[in-house]
Amino acid sequence: MPEGDGYDYKIEAKAYTASSSGASVSPAESPDQELYHSKSWWTTYVFSQDAKYIGIQYFCAATAIAVLGLVLSVLMRVQLAYPGLNVLDPSTYYQAITMHGMIMVIFFLTALFLGGFGNFLIPLMCGARDMVFPYVNMMSFWIFLLSLLVLVASYLVPGGPTGAGWTLYPPQVITAGTPGNLWGLVLMLVSIVLFVVGFTMGGLNYVITVLQARTRGMTLMRMPLSVWGIFVATIIALLAFPALLVGGLMLLLDTVLGTSFYMPAIIATSNFGNEVSTEGGSPLLFQHLFWFFGHPEVYIVALPAFGIVSDLISVHARRNIFGYRMMVWAIIAIAALSFIVWAHHMYIAGFTPWFGFFFASTTLMIAIPTGIKMYNWLLTLWRGNIRFTVPMLFALAFFITFLNGGLTGMFMGNVGTDIALSDTYFVVAHFHFTIGIAPVLVVFGAVYHWFPLATGRMLDEGLGKIHFWITFVGAYMIYFPMHYQGLQGVPRRYFEMYNSSQASSSGLNEFITIVTIVVALSQLIFFYNIINSARAGKKAKKNPWDANSLEWQTPEMPPKHGNWGRTLPVVYRWPYDFNVPGASKDYIPQNVSPSQVRGAKAERT
Amino acid sequence: MNRSTLPKGWDGFAHDWAADQKVFKGMSWGKAMMWIFLLSDTFIFSCLLISLLTGRASTAVSWPDASVVFGLEVFGVSVPLLLIAIMTFVLISSSGTMAIAVKYGYEKNRKLCTIFLLLTALCGAAFVSMQAFEWTKLIVHEGVSPWGNPFGAEQFGAFFFMITGFHGTHVTIGVIFLLIMARKVWRGDFDSGRRGYFTTMKSDYLAIEIMGLYWHFVDLVWVFIFAFFYLW
Amino acid sequence: MNIFVVILFLAVVVGTVLFHILSPWWFTPLASNWSSIDNAILITFWVTGFVFVALGLFLVYCLWKYQYKKNRKVEYKPENKSLEAILVVVSAIGVIALLAPGLSVWNDYIKVPKGAAKVEVLSYQWGWNFRLPGEDGALGKTSIHNITDDNPYGLDLNDPNGKDDLLVQDADLHLQVGVDVEFLLRSIDVLHNFYVPEFRAKMDMVPGMITFYWFTPTKTGEYEILCAELCGTGHYAMLGTVVVEEESDYSNWLAQQTSFEQILAQNKIKNKTIQLAEK
Amino acid sequence: MLKHYKKQSHEIGVYLWIWGLLFVFSFFSYMVDYLNFEGTFRWTLIVIFMLSKAALIMAIFMHLFWERYAIVNVLLWPMTLMLLFVGIMAAESEYTLFTRLFYFIAGS
């Protein structure tokens, strides 16, 4: 384990003078940010305008709702494996899949990565005192919380939450054959609209902080990849959520006013109990709008995970991230491509036939930048000095999980193979690997990594390892076999696991459920670890992982409001100067000037 | 930062993106934030108009003729799109006055800035009133509703009320903020750096420029709505 | 302790491959012409499997070789442009290799062969009906507004093509082995998806429009129709059967079906009887 | 900061000019409808006037003409995504309409 705090923050003051005499660092372009310093307990801990607190609030709220999502998934698995127990009926089962999907994708992972990690890390890693508009940032969290309450409230209204699947496809979502087709749906859509509004407030903050409020010397190409991932994901979100907002708004009007945006003439009973009398709308329009948002959404979740895992791997392997420039360009390329591939979710939705060629080609192109990222993570480990810390274990688990999930994406993204596999358990397995398990593993790794920065205490390593083993091995055993159920043709979203003489997966089915229960319960270890360590964990020393990025170089740990004390840090190098030849330590923080490490032959600063 | 020493054009593009601290050199945080917000908002309106395109082009029912539906009878002569034309001119005028208000904001001319902000708000309010009149006329007299109308495809009313409603909401919010701004300018908040009520940050004339961006955007959107909804 | 982690990741890589090889869960036996879909999937398995094993084993090697040692010499090399360029090119080649079979399948999938028999599948919450074109080989036009108890498919009474259409008001479809079939998929309420695992093919049915796909059944037998697009609480129970049989059996079945004209005539008699009874 | 203000401040005449031009273009696009031009000609005119007005508002009123390329590019490139979306949806709606007219009784 690392020993001693090699670098003193006081160096910063020296660096400041050194740079003001030399011409290497440009002068400050804007005056120091003025912050609102809280005057009461309420404005410090509840209505806090400090991005770090807001980040932690986001984290807690998103994790709380994720517990609901997790409980729902356990209920669904029990129902599938042991239908005799009757824990759910078809209505509640479909409500469970809907809520589980919506919660996990939007209210948990999006909020957690962008709201949680974004708020906590961006100002610290960019060398800013706070987000650019702390008040708006605070509002963002409270609107998010409101959207969560509205979402949960749908369990209390007549009919319960909507049961149309998280894709909310019309006309089904509105007609009487689906539970929660009036109140549940209205609350779901209101909740989504609130989420988008709240997110936009936060998202603008993250983007502008990265673009306009970096410290002196912090160029874009010196930012840690975590910031790059979160930053680009936020841009995607700001451009993709509008499609969801518009799609949701029109669905809301179709639901409560009986408009025909998506509704052709059909024979069905509406949510008000009368015959549906709509005419001429196109259900495909909703699918396009939904997936124009929905596919970028996948990368809204994945890109922050990519970024964070790059930092975890580099820090804990004590080696510079390999091919930093390529990593950045890969993130940007993935983001750009994510907007032109959306209809690969609709290969068998009955769209214009030639779309298949276009969308399959663009989709598989994403494999190239994603592949680059996979190679570069490996090449970072190669010839490194790997510490098997808990964050590193989770990062490695992410690698293998995402490798598997990414490769099965080649089945789903390719139009010819997708015909047979879409809407089967293969899809379920694929997307749980890529945007379920893999990002969550990164979340765990990131929590173990940055917990000391947030609380000043270390998480328990032993419990962390137990948590890692059960979670990783368990999750892999849950989802990997599902691919083969999919090959058999077992359709997803069936209340009863489909079995026939040709396709039977009994045995496997029960096995998956049992593992699910074990993995779900093992998360209690994680929560226990967090609560216990926050109270009585081992005190962390400054910069416990010997990392280079700025967040560990604050004068106090945990950092105070305003982060940097009197003077902002000045940045001289990229955040990956590990084991630079000629340097006395195996790491050189970003705010150490070249004159302080004269012997070091850093190639890329 | 002295902007005049920075490289210009594409060199400037490369320089700004490779530089530290700020990508948008010389641009305040608030203005950058408004620009990015408008970009996001552009996507919202684009999605609305794309939905209109899809809804209209995929329905087999005939689409009502906008110039007849929105025609007005003036002295017994029916003039197509008359009200819409007036609304368009009013909104463009408000954009003109806004641009001038921003100019006087730059120059810290308290009096003229206030006057032009108020003029802009007046035009905006006139626009919203005319829209309210139009809505009333359509709903009460012509029987157009979001779920049906006597002229043709149901989607006509649905898209009309949704798109103009969404735009009208933007205008209304803009008018409210214009009035707030006008009051602040008149009171001298921007000269004295008085602190805002909610955020407790100092007021600055930059706010006028940001307000201007928003207002011009609302006008910009109307240009597209006018072309795609009324003229198509 | 570290060695356990190395073994874990080795076990995951090896276990994944072994599971794939030993898995008793696999494709159902193919019963249509879409062997090209299976082949494309198999090609994808080979390519992705190779990548998975190569990267996975390299990961395990790195973990084993470069475990933390206090004085280990670590390479400092921010980038290697030629290596990265090679990797980009290799990935691009892999992508093209995967894309080609996929696109060629799709090209066949959307090109219905000339002379394919037409079958309309009519789906509703939660069941299946079918309509065959009758002797003229053409299906009559429909409108959802025409649907009544007497005209369950909403056929156009003025369309001569519709008169001899055979209406199969039962979730039981028969097909003749070896004959190309084009399915015209129609839904009267919400989205559904006509899917038979053994045929591999599937397509959503979208209310307000007609979607299609085609295949040639190649093996006689009885197969189960599944709905593969969430369509409400009865989704999981929306099953049907399709029987693929030899020509003689097929014509027997066909002869038992009633045409639209016959149904109209029956209804006329029935309605008259009702009217008389009411009088 | 003061310098920044000065640089962004223009003669009032510029704005009045643009104001006038916008009136003229709006009048033209109104006349397109009034004179009942039809078909491609109508569409070309409408789109030309629309884009000219949009360009004037963005370039002069919103000062993009004087802004640095860094922001101009950020604002304009994402619009290509929307253009693609428009293209895809145009094809899609045409196809939907085709199946409706081909298989169903027209008008339903």
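Trainee: Let's start with chain C. What do E6(C) and E7(C) form, and which residue in the turn has a positive phi?

Mentor: In this predicted model, E6(C) and E7(C) form a hairpin with six residues between them. In the turn, Arg200(C) has a positive phi of about 70°.

Trainee: How many bridges join E6(C) to E7(C), and do they run parallel or antiparallel?

Mentor: Two strands count as paired if at least two bridges are found between them. Here there are four bridges, and E6(C) and E7(C) run antiparallel.

Trainee: Which way do the residues of E7(C) point, and are they buried or exposed?

Mentor: Lys202(C) and Asp204(C) point one way from E7(C), while Met203(C) and Met205(C) point the other way. All four names on that list are buried. The test for "buried" is 20 or more other C-beta atoms within 10 Å of a residue's own.

Trainee: What is the order of the open sheet of five strands in chain C?

Mentor: The order is E4-E10-E9-E6-E7 (chain C), and the pairing is mixed. E4 (172-176) and E7 of chain C are the edges: each has a single partner strand, so one side of each lacks a neighbour in the sheet. From one strand to the next, the twist averages 25°. Further inside that order, E6(C) and E9(C) pair in the antiparallel sense over two bridges, and Phe194(C) stands opposite Cys227(C) in E9(C).

Trainee: Which helix lies across E4 and strand E10 (240-245) of chain C?

Mentor: That is helix H5 (residues 247-256) of chain C, and H5(C) runs at about 140° to E4(C).

Trainee: What is the order of the open sheet of six strands?

Mentor: Reading across, you get E8-E5-E1-E2-E3-E11 (chain C), again with mixed pairing. The edge strands are E8 (211-215) and E11 (258-259) of chain C, each pairing on one side only. Strand E5 (residues 181-187) of chain C pairs with E8(C) in the antiparallel sense over five bridges. Within that pair, Leu185(C) stands opposite Thr211(C) in E8(C).

Trainee: Now helices. At what angle do the axes of H2(C) and H3(C) cross?

Mentor: They cross at roughly 170° and come within 10 Å. Angles over 145 degrees count as roughly antiparallel, so H2(C) is roughly antiparallel to H3(C). The contact includes Ile37(C), Ala40(C) and Val47(C) of H2(C), and Ala97(C), Leu98(C) and Val105(C) of H3(C). By class, that contact has eight nonpolar, five polar and one charged residues.

Trainee: Which residues of H15(A) are buried?

Mentor: First, a general idea: an α-helix has 3.6 residues a turn, so residues three or four places apart point the same way. Now look at the buried residues of H15(A), among them Gly464(A), His467(A), Phe468(A), Thr471(A), Phe472(A) and Ala475(A). The buried residues of H15(A) pack against helix H12 (390-413), H14, helix H16 (482-488) and helix H17 (508-536) of chain A, together with H1 of chain C. Helix H15 (residues 461-479) of chain A has 19 residues and spans 27 Å from its first C-alpha to its last, close to the 27 Å expected at 1.5 Å a residue.

Trainee: Why is Val443(A) called buried?

Mentor: Val443(A) is buried because 25 other C-beta atoms are within 10 Å. This residue is in helix H14 (residues 425-455) of chain A.

Trainee: How many residues do chain C and chain A put into their contact?

Mentor: Chain C gives 83 residues and chain A gives 92 residues. On the chain C side, the largest share is 15 residues and comes from H3(C). That side has 51 nonpolar, 20 polar and 12 charged residues.

Trainee: And how many residues of chain A are in contact with chain D?

Mentor: There, 10 residues of chain A are in contact with 10 residues of chain D. The chain A side has seven nonpolar, three polar and no charged residues. As for chain D itself, it has five helices and zero strands, and buried residues make up 31% of its 108 residues.

Notes. Residues numbered from 1 in each chain as written. Chains lettered and ligands numbered in written order. Predicted model: local features only at pLDDT ≥ 70, side-chain atom pairs only at ≥ 80, totals over all residues. Buried ≥ 20, exposed ≤ 12 C-beta atoms within 10 Å, placed from the backbone. Contact = placed C-beta atoms within 7 Å. Nonpolar A, V, L, I, M, F, W, Y, C, P; charged D, E, K, R; others polar. Axes fitted to C-alpha atoms, helices over the stretch in contact; angles between N-to-C directions. Parallel < 35°, antiparallel > 145°, perpendicular 65-115°, else oblique. Expected span 1.5 Å × (residues − 1).
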